[in-house]
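Have the sequence and the 3D view at hand as you read.

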Amino acid sequence: MRKPARLLWTALFLVAVFILVPLLIMASGRADLYYTFTSVALLSIASAGVWLTFYIGRINIGQGAFALMGGYVSAILVVTYGWSFWATIPAAGLFCAAASVLIGLPILRLRGVYFAMVTLVLTEVARLLALALPITNGAKGMVSIPSPGSLSLFGFTIIPDFATLKNPRLAFYLLAVTLMVLCFGIIYRLVHSRIGKLCQSLQQSEELASSIGVNIAYLRVVAYAVSSFFGGVAGAIFVAISQSIYPSSFTVTDSINFMLNCFLGGLGYVFGPMLGTLVLYFGWDLLFETGKFQLLIYSTAMIVLMLVLPNGLLSLGMGPKEGLKRGRTA
Amino acid sequence: MAALLDVSSLTKRFGGLVAVNDVSFSVREREILSIIGPNGAGKSTLFKLISSFLRPTSGEVRFKGESISNLAPHIAARKGVVRTFQETTIFKSMTVRDNVIIAHHLRSKASLLGFFVGTATARDDEAGFAASADDILDLVGLSPVAGEIAQNLPHGHLRALGIAIGLATNPSILLLDEPFAGMNHDETNRMIAMVRRLRDLGLTILLVEHDMPAVMKISDRIVVLNFGTKIAEGTPSEIQENEKVIEAYLGSEDEAIGL
């Protein structure tokens, strides 16, 4: 895209998410939609992380583990150690990134279905850890987590105490959307800088990449750490909204959904996971009225979509952009 | 001429199989040295050992006097020992030009973070890589197809692209993996001319090859392997007269060794 066009789209997008959506929700009078859109924003942050691991040629079904980890880190820091919620957002992200480096060093050597299987197990390991560790309070989980306090810098209050707000739902929505915009900005920049090309080189041939001097082990770990950072950040904010966290807050199903969001939106497009999350989340909700057929219709629709649009929903409107196609990940 | 690369007592075992057995030789600066041998002689294993894609069971490879045997492949590449692959190993869904641009990675002065924020160094790097990529594409004759997606190229062009990718890393010694395989007479002659041009530019070339006539034409010296062991080393004419070599190739046509 040319620069003016890109600026225009960015501006339109920002106006839509920061102004239009809240206005529409107010007009419709359905305040519960705030929660829905907040969830979409947060889930799409976690999905963006998964997308980045796809971009280096790895199928990641373990993002739920890092969302859960980030959630617990934030909850424990706030409840047990009295941290400000705002400080726990980067702390949760960094903790998850550090954990993913330790986990990633051995497992990122695996490819294709082997890596996918190990990451799938990771989510279950995280749940069992949360059940077993003393600090996470086991199956009872952690409840009554206070809502975010005020954030001041040099004496100025940047963000007021959420407990004093008339409309905390709007505040959470704005928080989630701001972070989503930041995260996707980061991923966009990554992919369109030389780093993106290096990631693509990994995805297409790790051997050739190392022959031209790319430190493939390092680059894989960096991408995985960024991915997990996003998972942790999303988890931390989820916990602040629901004011509670349990070992079952993020399960294997969530991990799989993060991956499906990427597939559905399009692995070749930075904004694929965002669109995928929106469509999947609302699709699932809209099918609620079909009762017991919900899952059946939903999965059939998914299969059909993947067959008809193997490169994701975004392939409808755009040509191949970031050069990644399905089936090249192994 | 000084030795650029020393292979000393290199041995590689896979379980009970000895693929490369106590092989030693040196590659001199600015020469074209070929490794030949019948199928299964251990050529490919030796090639991977020299480029650090495999670690030896014993022995070592020294480049400019420094051991590179136990280094990761990207570190060996950084030191100037760069291999090419056979044609299927390219960055398939990038354009030809992007393939060569990305291969300039080793020349970048900016860090990953620098590229992320787009510092002046990073922008200089990018501009420099693009210009240099165009020069390299010119050199190997790929300029007319620079904008094509790499996987759409015909065989001959893919081989040239493989070499262009190798050149972009600015190597001291370029290791070519069967550069003439599957080529017809004309293509082979063009490839021979290109490899000679690279040597004239100051590169040292080590290649592994099946195509005997081409090897005889192009090489300054030849190393012959059979069953993992070095059985001969010398100039093409010495090799052609070597008893052991003729014996190793017995059963194949005389023509196969260029007699």
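## Domains of chain A

Taken over C-alpha atoms, the centres of domain 1 of chain A and domain 2 of chain A are 23 Å apart. Domain 1 spans 1-30 and domain 2 spans 32-316, with bounds that come from an automatic or database domain assignment. Each of these two domains of chain A gives 7 residues to the contact between them, where residues are in contact if their C-beta atoms, placed from the backbone, lie within 7 Å. On the side of domain 1 that touches domain 2, there are 5 nonpolar residues, 1 polar and 1 charged. Here Ala, Val, Leu, Ile, Met, Phe, Trp, Tyr, Cys and Pro count as nonpolar, Asp, Glu, Lys and Arg as charged, and the others, Gly among them, as polar.

## About the model

This is a predicted model, in which local features need pLDDT of at least 70 and side-chain atom pairs count only at pLDDT 80 or more, while totals for chains, interfaces and linings use all residues. Residues are numbered from 1 along each chain as its sequence is written, and chains are lettered from A and ligands numbered from 1 in the order in which they are written.

## Where chain A meets chain B

Chain A brings 22 residues to this contact and chain B brings 25 residues. On the chain A side, α6 (168-192), α7 (194-204) and α8 (206-211) each supply at least two residues; helices (H or I, at least four residues) and strands (E, at least two) are DSSP runs, numbered from the N terminus. The most comes from α7(A), with 7 residues. By class, the chain A side holds 7 nonpolar, 10 polar and 5 charged residues.

## A hairpin in chain B

Strands β9 (residues 221-226) and β10 (residues 229-234) of chain B pair in the antiparallel sense over 5 bridges; pairing requires that DSSP finds at least two bridges between the strands. Opposite B:Val224 stands B:Ala232 in β10(B). The hairpin of β9(B) and β10(B) has 2 residues between the strands, and B:Phe227 takes a positive phi near 50° there.
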